[in-house]
Amino acid sequence: MCTIKARLDKVLTRIRQAEIQFERAPNSVKLLAVSKTKPLSEIQAAINCGQLEFGENYLQDALSKIKALNHNKVKWHFIGHVQSNKARQVAENFSWVHTVDSIKLARRLSRFVADGKPALNVCIQINISNEKNKSGCNIESALELAQEIEKLENLNLRGLMAIPMPETDFAAQRSVFRDLNSIYQDFKAKGIKLDTLSIGMSADLEAAIAEGATIVRVGTDIFGPRS
Ligand SMILES: *Cc1c(COP(=O)(O)O)cnc(C)c1O
């Protein structure tokens with residue numbers, strides 16, 4: 001518990017310092033705590049420190065934690081690959097999906113948002129490093145996907161997300177994020193309403209904040225290494 005509080009404070013300090021260093025507005029970057037594979041007790045410890053947004057990748061594991069916690073102030077973000085046949089459970093149990101990469105998936109998610117429920121917040125995952133066999137939409141088809149998602153009533157298109165190939169060099173990290181940020185700015189200039197750039201993890205959150213991140217997704221530096 002103390003460990004999580006100390007780590008969480010440290011990550012929040014890094015975020016606030018990067019906002020200052022890179023001339024971002026104060027508190028313009030939100031921390032998503034990535035709790036995948038971590039037990040309920042550690043999520044509870046983070047909640048006790050005031051952290052209320054969590055990211056999960058593995059649906060079954062996430063669903064059992066969401067049920068067990070049953071906390072109405074906590075928001076769950078799905079950040080893993082969504083299998084088509086799991087779209088319903090994702091739409092029913094999460095507030096956000098960061099990994100929409102096809103119109104087919106977007107339509108399925110929209111269809112499963114229950115009547116009277118708020119729209120599901122979504123980001124388009126872009127395969128920014130153009131890696132083969134990696135999930136994410138190609139850069140070339142992303143604009144069309146964004147325009148199609150905007151037409152879906154039960155989805156609220158919020159922004160773009162990417163998981164670049166790991167780089168240790170700050171300039172190299174920043175350069176990939178800059179590419180994504182320019183796509184983001186270009187989409188906004190073309191009239192797509194977006195307010196979210198979901199980039200940056202434990203090892204590269206400063207570079208992401210330098211390039212416009214509004215959500216950083218941090219697991220290891222809060223909860224420790226995953227086995
Ligand atoms: C696991 C994961 C993270 C967190 O990564 P860390 O390096 O542990 O901070 C962020 N985003 C996605 C999509 C992940 O799968």
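Is Glu53 buried or exposed in this structure? Before I answer, let me say that what we are looking at is a predicted model, in which local features need pLDDT of at least 70 and side-chain atom pairs count only at pLDDT 80 or more, while totals for chains, interfaces and linings use all residues. Residues are numbered from 1 along each chain as its sequence is written, and side-chain values use heavy atoms, with hydrogens and water left out.

Glu53, then, is buried, because its relative accessible area is 15%, and the term buried here means under 20% relative accessible area, with exposed meaning over 50% and partly exposed lying in between, for a 1.4 Å probe and protein chains only. This glutamate belongs to strand β2, residues 53-56, where strands are DSSP runs of E of at least two residues and helices are runs of H or I of at least four, both numbered from the N terminus. Setting aside residues up to four places away in sequence, Glu53 touches Lys30, Leu31, Leu32, Ala33, Lys75 and His77, and contact is taken as heavy atoms within 4.5 Å.

Let me stay in this part of the chain for a moment. Helix α2 covers residues 40-48, and its buried residues are Ile43, Ala45, Ala46 and Ile47. As background, an α-helix has 3.6 residues a turn, so residues three or four places apart point the same way. After α2 comes Gly50, which has a positive phi near 100°.

Asn70, in the loop between α3 (59-69) and β3 (75-78), has a phi near 40°, and Asn70 counts as exposed because its relative accessibility is 67%.

Now to the ligand. Which residues come nearest to the ligand? Of the 13 residues around it, those are Lys36, Asn57, Ser202, Gly219 and Thr220, where a residue is near a molecule if one of its heavy atoms lies within 4 Å of it. For Asn57, a polar side-chain atom sits 2.8 Å from an oxygen atom of the ligand, and for Ser202 the distance from a polar side-chain atom to a ligand oxygen atom is 2.5 Å. Gly219 takes part through its backbone, with an N or O atom 2.8 Å from an oxygen atom of the ligand.

Thr214 is in the loop between α8 (205-210) and β8 (215-218), and Thr214 counts as buried because its relative accessible area is 16%. Leaving aside neighbours within four places in sequence, the contacts of Thr214 are Arg24, Ser28, Val29, Lys30, Asp195, Thr196 and Leu197. Gly136 lies in the loop between β5 (120-125) and α6 (139-150), and is buried at a relative accessible area of 17%. Beyond four places in sequence, Gly136 touches Asp101, Gln125, Ile126 and Asn127, and its C-alpha atom is 16 Å from that of Thr196, 60 residues apart along the chain. Leu152, in the loop between α6 and β6 (155-161), is likewise buried, with a relative accessible area of 17%, and touches Ile103, Ala106, Arg107 and Ser110, again not counting residues up to four places away.

From strand β6 itself I will take Arg158, whose contacts, on that same exclusion of residues up to four places away, are Trp96, Asn121, Val122, Leu194, Asp195 and Thr196. The largest cavity holds about 30 Å³ of space, the volume being the space filled by probe spheres set on the points. Its lining, meaning residues with an atom within 4 Å of a point, consists of Gln125, Ile126, Asn127, Ile128, Glu131, Lys134, Ser135, Ala162 and Ile163. By class, that lining has 4 nonpolar, 3 polar and 2 charged residues, where Ala, Val, Leu, Ile, Met, Phe, Trp, Tyr, Cys and Pro count as nonpolar, Asp, Glu, Lys and Arg as charged, and the others, Gly among them, as polar.

Note on methods. 1 Å grid on protein atoms, 1.4 Å probe; cavity = no way out; pocket = protein on both sides within 12 Å on 5 of 7 lines; lining within 4 Å. Polar contact = N/O pair within 3.5 Å; in protein donor to acceptor, adjacent residues only side chain to side chain.
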